[in-house]
Amino acid sequence: MTAQPHTGGTTDGDGVAIRASGLTKRFGKLAAVDHVDLEVPARHVYGFLGPNGSGKSTTIRMLCGLLTPTEGEIEVLGLRIPAQADELRSHIGYMTQKFSLFEDLTVRENLEFLAAIQGVPKAKTKSRIDELVEQYHFGDLQKQLAGTMSGGQKQRLGLACAVIHEPELLFLDEPTSAVDPESRRDFWEKLFELADVGTTLLVSTHLMDEAERCHRLAILDRGTLVADGTPDELMAKLKGRTFLVETADPRRAQHVLVDVPGVLGVAQVGNTLRVLTADDGGEATQRMDKALADAGQKGEVMPAPPNLEDVFVAATRNGDAKDDRREHAA
Amino acid sequence: MNWRRLWAIVIKELRQLGRDRITLAMIVGIPVIQLVLFGYAINLNLRGLDAGIADQANTAGSRALVMDMLATGVVTPVARADTPQQLMTMIRRGRISIGIAVPPDFERRRIDGRELAQVLVDGSDTTVQGAAAQLAQVPIDSAVPDTRAPMTSTPPGARISVVSFYNPQRQSAINIVPGLIGVILTMTMVLFTAIAIVRERERGNMELLIATPLTSTELMVGKVLPYVAIGLVQTSVILVLGMWLFDVPIRGNVFDVYLAAGLLILGNLSLGLLISTQARSQFQAMQMTFFVFLPSILLSGFMFPFAGMPKVVQWIAEVLPLTHFLRLIRGVMLRGAGLWEMWIDVLALAAFTLMMMTLAILRFRKRLD
């Protein structure tokens, strides 16, 4: 609203919405985010994939100026953060991980409140709210207290409130963590609609299927950025390293395979095992065959196309398959 | 300062408050209950203390004296005794609180101008002692001038009037009600805002709010304004009930009363906000509120006379808004003074508010770290 056109509210000429370099946040001795370099292109849905505690929320909070970085440079929509954070606020929408709207206000009251706070022009407020009520299917729920709605409805309201002032950039911190699959699909539809009209979205998630939908993604692990690119690029790098193992006793076979050198991860999917190996030109296959034979297990090792979960495992686990099982189970 | 955003906060607070039925009920409930409780129960007036009477003279004069003492209403005769010793035994056993002993040579003592009678007191209760002191005023005042003339020659009203001058019933209720406005406003107002910010932090609303263009000042002022209105409602409830139940006068200007109350409300709300920016949980905010509330009640002059406190304690009391408010409200309501005559206390309250508000706004940062 108050930003000058040449300083605020524009992506730079090369279409980059967010640029960060050496971004670091320490809480005491713990480095929650450790020298992360990021470049988020405008009008994209950019995903942050990582387990809980990997630094996704901390990074998002630093990018929208809520946390001061210990080190590093941030430029968001051409504004230096945190110095110009106040200016940035009218250009971004932020949806927190926890439902952060007022549970004791109705759907419409929440929208009205956010419209006033975000400076939606008074004359446009009513039509904008009506529009959102329509788009986000709140027709019958307008007078319902936000606290009494279902998880999916709350997420929708959160998003509607975050976009009420039509921000250029939207930060979504694990927006669908408490939502059923159908609501999640609807929610993602909405995100792509927003990207279509020119909004840049930064979405954090720990769900593979969501990450797979993103135009680009960054994988975070224990505060460091371990991989980034489009999902296809990331998966292509794993060509020839993923296998399916059919066996009669998958649990025992898993124990055997985990100890084979070069095996990065073994996950049971139904009656088959999904194995990710290190990049060693297929040697691991032979070792797996041998190990299974030695253990008296009948099993067939077949190559399989990599998926994003493999990418995630490959990026976060370097050589140690054992401590990875826990992670996979989650 | 953006007025639309400020107004949005005010409306939001009022809407939330409107849905919080218990808090809503408390806004009126607390003043009503406290007023009735303090007004009636904490009453320094002692009436109907159980008394024993040992009238050893049993002359017309002595009987008249005893009747005069009973007429004050402070004591109710529940036992008769023959000697002061019997009275003492009854006191020790807790049967009576006060004994009235008239010696056999009452008439001679009257002529000589000596002590006429004795009031024996249960000294274990200091308030009873005070009441007895007033009883003792009756014979001593009336003893000297008339010698043989019966007691009735002095109008009984005169003797009672001595006592009624000290009759604490009117005094205590009248003193307590204006003070009670201050106490109730201190209790409710500080707590309202002390919780206001912490609650939003706990519920996660704050992270959303600080990511918007809303400024600290808009948020702080927006949170205070609705409660100013509520504080004035509470003031009105106490004033109306005080006048209706206890005949508390407003000798000064009603506008001055509200102005003084408004100053205290703002001071307390700002203090609450400051607490709220410091506290990490609603429980902590509550504890900090009581940390302020107790000294307010004890040191402000509401419960104990300000003049009787040691100098150091008086300095501490000068920091508390309630101290200044009590001086203002008693001045306006009981002495009919104008606020401007007590400008120092008006200034003190305004300065307190300004300081707390500034600190709260400075303390509140639009950051999570």
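Author: In this predicted model, helix α10 (residues 216-246) of chain B and helix α15 (residues 343-363) of chain B have axes that come within 9 Å and cross at roughly 135°. Angles over 145 degrees would count as roughly antiparallel, and the two helices α10(B) and α15(B) are therefore oblique to each other. The crossing of α10(B) and α15(B) is right-handed. On the α10(B) side, the residues that meet the partner helix are S216(B), T217(B) and M220(B); on the α15(B) side they are M357(B), A360(B) and I361(B). Sorted by class, this contact has four nonpolar residues, two polar ones and no charged ones.

Another helix pair of chain B can be set beside it. Helix α11 (residues 254-278) of chain B packs with helix α14 (residues 321-335) of chain B at an angle of about 175°, and their axes are 9 Å apart. Here the angle is over 145 degrees, so α11(B) and α14(B) are roughly antiparallel to each other. From α11(B), the residues D256(B), V257(B), A260(B), L264(B), G267(B) and N268(B) take part, and they meet P321(B), F325(B), L328(B), I329(B), V332(B) and M333(B) of α14(B). The classes in this contact are nine nonpolar, two polar and one charged.

Chain B also touches chain A: 19 residues of chain B are in contact with 22 residues of chain A. On the chain A side, the largest share is four residues, from helix α3 (residues 107-117) of chain A. That side of chain A is made up of 11 nonpolar, six polar and five charged residues.

Chain A itself is divided into domain 1, residues 16-229, and domain 2, residues 238-329. The centres of these two domains of chain A, taken over C-alpha atoms, are separated by 36 Å. Where the domains meet, nine residues of domain 1 of chain A are in contact with seven residues of domain 2 of chain A. On the domain 1 side, α7 (208-213), β9 and β10 of chain A each supply at least two residues, and α7(A) gives the most, with three. By class, that side has seven nonpolar residues, no polar ones and two charged ones.

Two of those elements, β9(A) and β10(A), are paired strands. Strand β9 (residues 216-221) of chain A pairs with strand β10 (residues 224-229) of chain A in the antiparallel sense over five bridges, and L220(A) stands opposite L225(A) in β10(A). Their hairpin has two residues between the strands, and R222(A) takes a positive phi near 45° there. β9(A) is also joined by four bridges to strand β3 (residues 45-49) of chain A, and these two strands run parallel. In that pairing, G47(A) has L217(A) as its bridge partner in β9(A).

Further along chain A there is an open sheet of four strands in the order β12-β13-β11-β14, with antiparallel pairing. Its edge strands are β12 (263-269) and β14 (299-303) of chain A, each of which pairs on one side only. From one strand to the next, the twist averages 25°. Five bridges join strand β11 (residues 242-247) of chain A to β14(A), and V245(A) stands opposite V301(A) in β14(A). Helix α9 (residues 250-258) of chain A packs on this sheet and touches β11, β12, β13 (272-277) and β14 of chain A, its direction making about 170° with that of β12(A). Helix α10 (residues 283-294) of chain A lies across β11, β12, β13 and β14 of chain A, and runs at about 165° to β14(A).

Key:
Residues numbered from 1 in each chain as written. Chains lettered and ligands numbered in written order. Predicted model: local features only at pLDDT ≥ 70, side-chain atom pairs only at ≥ 80, totals over all residues. Contact = placed C-beta atoms within 7 Å. Nonpolar A, V, L, I, M, F, W, Y, C, P; charged D, E, K, R; others polar. Pairing = 2+ DSSP bridges. Domains from an automatic or database assignment. Axes fitted to C-alpha atoms, helices over the stretch in contact; angles between N-to-C directions. Parallel < 35°, antiparallel > 145°, perpendicular 65-115°, else oblique. Left-handed = near helix turned anticlockwise from the far one by under 90°.
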